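Student: I am new to this one and would like a close look at a single part. Please walk me through the contacts, step by step.

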Amino acid sequence: MRTAVLVEPMEFELQDRGRPTLGPDEVLVAIRDVGICGSDVHYYEHGRIGDYVVEDPLVLGHESAGDVVEVGDDVTGLEAGDRVALEPGVPCRRCAHCKRGEYHLCESVEFMATPPHDGAFAEYVAWPADFAYKLPETVSTVEGALCEPLSVGIHAARRGDVGTGDTVLVTGAGPIGLMVAEAARAAGATDVIITDIVPEKLEFARARGVDRAINVAGTDLETAVDEYTDGVGADVVVEASGAEPSIRSTLDGVCRGGTVVLVGLSDEAEVPFDVLEVIDNEIDVHGSFRYANTYSAAIDLLADGVVDVEGMVDFRSSLENVDDAFGRAMEPTVIKGIISFDDD
Ligand SMILES: NC(=O)C1=CN([C@@H]2O[C@H](COP(=O)(O)OP(=O)(O)OC[C@H]3O[C@@H](n4cnc5c(N)ncnc54)[C@H](O)[C@@H]3O)[C@@H](O)[C@H]2O)C=CC1
Ligand SMILES: CC(=O)[C@H](N)C(=O)O
């Protein structure tokens, strides 16, 4: 099977590998679409993300969907011909976190395209059937693949307890920020404000219907949010840029008694944060890491037309053109590229 393997930073090699063997609880999936995530680009450019180092050749891609072509002996509920979205993180199912339903916090989770675990830039993937979600007719495999970043958005909205009538400030209008905006709206937020420093990103977010898009390169965040909220501030701020100044500025945008959710991963582990302000204003600060129990919700939101993820796709590329695709994905105005096996 055709597989794109990252062999060195900035170098993919197309390899012909054997089809994976199928375990009794697994489905064999012919991959159709895989989203290119910022983390894939980071591994491509730098060969590492923090402590995760690409030491051996690695198959990237963790936002994937495709067709079931074979099911293991013990699989029920899925059959050949079903289209599925693959949830990329498979936990141990036995530890305390798994038992509590927080399986994304499982210390033994095996996450696609995170060293040493291969991802989905491959013609076939064998995957545990309970982490393969059947797509209804009306949901495309591109949308199925983008259930992954949408799940990050849904989880962040849940962590912020976003509710009906809330004003939500999302900092960073990349794919994750846009997914958070979609999820917040779906959770009942009536006002969504977004920030960025790239005018095209803000224009794109505006065209998708955010209520206010602020270029924080030239506008003071606190003043702009105060203007919009009559001096109150946002009920929930979701930080989705990972930029240090933006992380610090979350406290300028949130209302007293509000919630800050940190999703963006900063290059630095330590970022100065005004704890006195947190205490004085009773701000709840939550981390948000990946997601758990979100895929069914993501698929329902897509099936009902409540969220739009396909509109974020700038281009589709074949596996053979993976190097070009990553070149394009690195352009600052690009939101989402897809490696599509249908184009072959
Ligand atoms: N916690 C989690 O589970 C996950 C975290 N992430 C992290 O979320 C962050 C966002 O991911 P993507 O959208 O894929 O990244 P991205 O790099 O495509 O988007 C980030 C956006 O933030 C903007 N930005 C930069 N400086 C800014 C500032 N000072 N204020 C406002 N916006 C600013 C950029 O122009 C860009 O549009 C990254 O740090 C990524 O590593 C991604 C997936 C899961
Ligand atoms: C942090 C990432 O971007 C990635 N999606 C992951 O969950 O590891």
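Tutor: A search of the whole structure, a predicted model, finds 0 disulfides (a disulfide is a pair of cysteine sulfur atoms within 2.5 Å). Cys95 is in no disulfide; the nearest cysteine sulfur belongs to Cys98, 3.7 Å away. Cys95 counts as partly exposed, because its relative accessibility is 22% (buried is under 20% relative accessible area, exposed over 50%, partly exposed in between, with a 1.4 Å probe and protein chains only). Cys147 is in no disulfide either, and the nearest cysteine sulfur, that of Cys37, is 15 Å away. Cys147 is buried, at a relative accessible area of 0%.

Two notes on conventions. Residues are numbered from 1 along each chain as its sequence is written, while chains are lettered from A and ligands numbered from 1 in the order in which they are written. Local features need pLDDT of at least 70, side-chain atom pairs count only at pLDDT 80 or more, totals for chains, interfaces and linings use all residues, and side-chain values use heavy atoms, with hydrogens and water left out.

Cys37 returns around ligand 2. The residues there are Cys37, Ser39, His62, Phe111, Leu265 and Arg290 (near means a heavy atom within 4 Å). By class, this shell has 3 nonpolar, 2 polar and 1 charged residues (Ala, Val, Leu, Ile, Met, Phe, Trp, Tyr, Cys and Pro are nonpolar, Asp, Glu, Lys and Arg charged, the others, Gly among them, polar). An N or O atom in the His62 side chain is 3.2 Å from a nitrogen atom of ligand 2. Arg290 places a polar side-chain atom 2.7 Å from an oxygen atom of ligand 2. Taken alone, ligand 2 exposes 250 Å², and the protein buries 74% of that (areas come from the Shrake-Rupley method with a 1.4 Å probe).

Now ligand 1. It is surrounded by 23 residues; the closest are Asp196, Lys201, Leu265, Ser288 and Arg290. The shell divides into 12 nonpolar, 8 polar and 3 charged residues. A backbone N or O atom of Ile176 lies 3.0 Å from an oxygen atom of ligand 1. A polar side-chain atom of Asp196 lies 2.6 Å from a ligand 1 oxygen atom. A polar backbone atom of Arg290 is 2.6 Å from an oxygen atom of ligand 1. Taken alone, ligand 1 exposes 850 Å², of which the protein buries 78%.

Key. A polar contact is a pair of N or O atoms within 3.5 Å; within protein, one must be able to donate a hydrogen and the other to accept it, and residues adjacent in sequence count only if both atoms are side-chain atoms.
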